[in-house]
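Here's a quick briefing to read with the model open beside you.

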Amino acid sequence: MRVDMTPILTGRTDTIAFAFDWEGADELFPEFSFEKPVHVEGQVVERSGCLLLTLNAEVLYKTACARCLTELHRVLSLSLSKYAAVKGTLQDGEDDDYVVIADSVMELDEPVGELLFLELPSKDLCSEDCRGICPKCGKNRNEGDCGCSTKEIDPRLAVLQKFLTTENE
């Protein structure tokens with residue numbers, strides 16, 4: 001999304017409001033299924049020569065529980081406040097600290113994508129006490145015990161198990 005900054009840069013106004021639906025999430029985050037585009041609202045305000053960008057976004061996405069693979073529907077609210085500066089007025093290395101205005105236009109795709117990258121969880125759980133899936137039979141342990149043995153023998157010591165079974169007979 002591109003925002004024309006000419007009204008603020010020429011002094012005609014001190015606030016520019018914007019709202020848009022960002023479609024870039026599906027391309028950047030293929031591991032998530034976004035139910036609809038990311039809705040972004042915000043404004044750029046000029047105060048004493050400084051330009052402050054504030055935006056809020058709401059994301060509806062579908063993913064799977066990292067332990068039991070149950071489908072989850074989540075809502076994530078995001079907010080960002082960052083200063084903006086005209087390209088050419090920044091020192092080397094300051095580009096990361098500001099949203100850059102080039103040719104009187106502020107490009108918002110990159111800040112929204114970065115915010116989403118930082119805020120989307122690396123894994124989602126259906127609940128904190130999710131028991132996951134049985135590694136032997138594949139049953140969801142949240143639905144009940146599957147009856148599989150939880151006792152595992154270290155494969156390096158499996159030969160010794162033969163001595164224990166012949167001794168008990």
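Is cysteine 50 buried, partly exposed or exposed? It counts as partly exposed, because its relative accessibility is 41%. Keep in mind that this is a predicted model.

**Cysteines**

- If you go looking for disulfides, a search of the whole structure turns up 0.
- Cysteine 146 is in no disulfide, and its nearest cysteine sulfur belongs to cysteine 134, 3.6 Å away.
- Cysteine 146 has a relative accessibility of 26%, so it goes down as partly exposed.

**Strands and a hairpin**

- Strand β2 (residues 15–22) pairs with strand β4 (residues 38–47) in the antiparallel sense, over 8 bridges. Look across from phenylalanine 20 and you'll find valine 40 in β4.
- On to the next pairing: β4 and strand β5 (residues 50–64) run antiparallel and are joined by 9 bridges. Here glutamate 46 sits opposite leucine 51 in β5.
- β4 and β5 make a hairpin with 2 residues between them. In the turn, serine 48 has a positive phi of about 55°.

**Aromatic rings**

- The count of aromatic pairs comes to 4.
- One to look at is phenylalanine 32 with tyrosine 61: the ring centres are 5.2 Å apart and the planes are at 90°, so this is an edge-to-face pair.
- Phenylalanine 32 lies in the loop between α2 (25–28) and β3 (33–34) while tyrosine 61 is in strand β5, so the pair ties together parts 29 residues apart in sequence.
- Both partners are tucked away: phenylalanine 32 is buried at 11% relative accessible area, and tyrosine 61 is buried at 3%.

**Salt bridges**

- The structure holds 4 salt bridges, and three of them are picked out below.
- Glutamate 107 and arginine 2 meet through their side chains at 3.5 Å, N to O. This one links distant parts of the chain, with glutamate 107 in strand β8 (residues 105–107) and arginine 2 in strand β1 (residues 2–4), 105 residues apart. Glutamate 107 is partly exposed at 30% relative accessibility, whereas arginine 2 is exposed with a relative accessible area of 57%.
- Aspartate 14 bridges to arginine 47, with the closest N and O atoms 3.8 Å apart. Aspartate 14 lies in the loop between α1 (6–9) and β2, and arginine 47 is in strand β4, so the pair ties together parts 33 residues apart in sequence. Aspartate 14 counts as partly exposed at 37% relative accessibility, and arginine 47 as exposed at 53%.
- Arginine 156 and aspartate 154 form a salt bridge at 2.5 Å, N to O. Arginine 156 is exposed, with 70% relative accessibility, while aspartate 154 is partly exposed at 26%.

- Where does valine 159 sit? Look in helix α4 (residues 158–168).
- Valine 159 counts as exposed because its relative accessibility is 53%, and the cut-off for exposed is over 50%.

Conventions. Residues are numbered from 1 along each chain as its sequence is written. This is a predicted model: local features need pLDDT of at least 70, side-chain atom pairs count only at pLDDT 80 or more; totals for chains, interfaces and linings use all residues. Side-chain values use heavy atoms; hydrogens and water are left out. Helices (H or I, at least four residues) and strands (E, at least two) are DSSP runs, numbered from the N terminus. Buried means under 20% relative accessible area, exposed over 50%, partly exposed in between (1.4 Å probe, protein chains only). A disulfide is a pair of cysteine sulfur atoms within 2.5 Å. Two strands pair if DSSP finds at least two bridges between them. Rings of Phe, Tyr and Trp (its six-membered ring) pair if their centres lie within 6.5 Å; planes under 30 degrees apart count as stacked, over 60 as edge-to-face and the rest as tilted.
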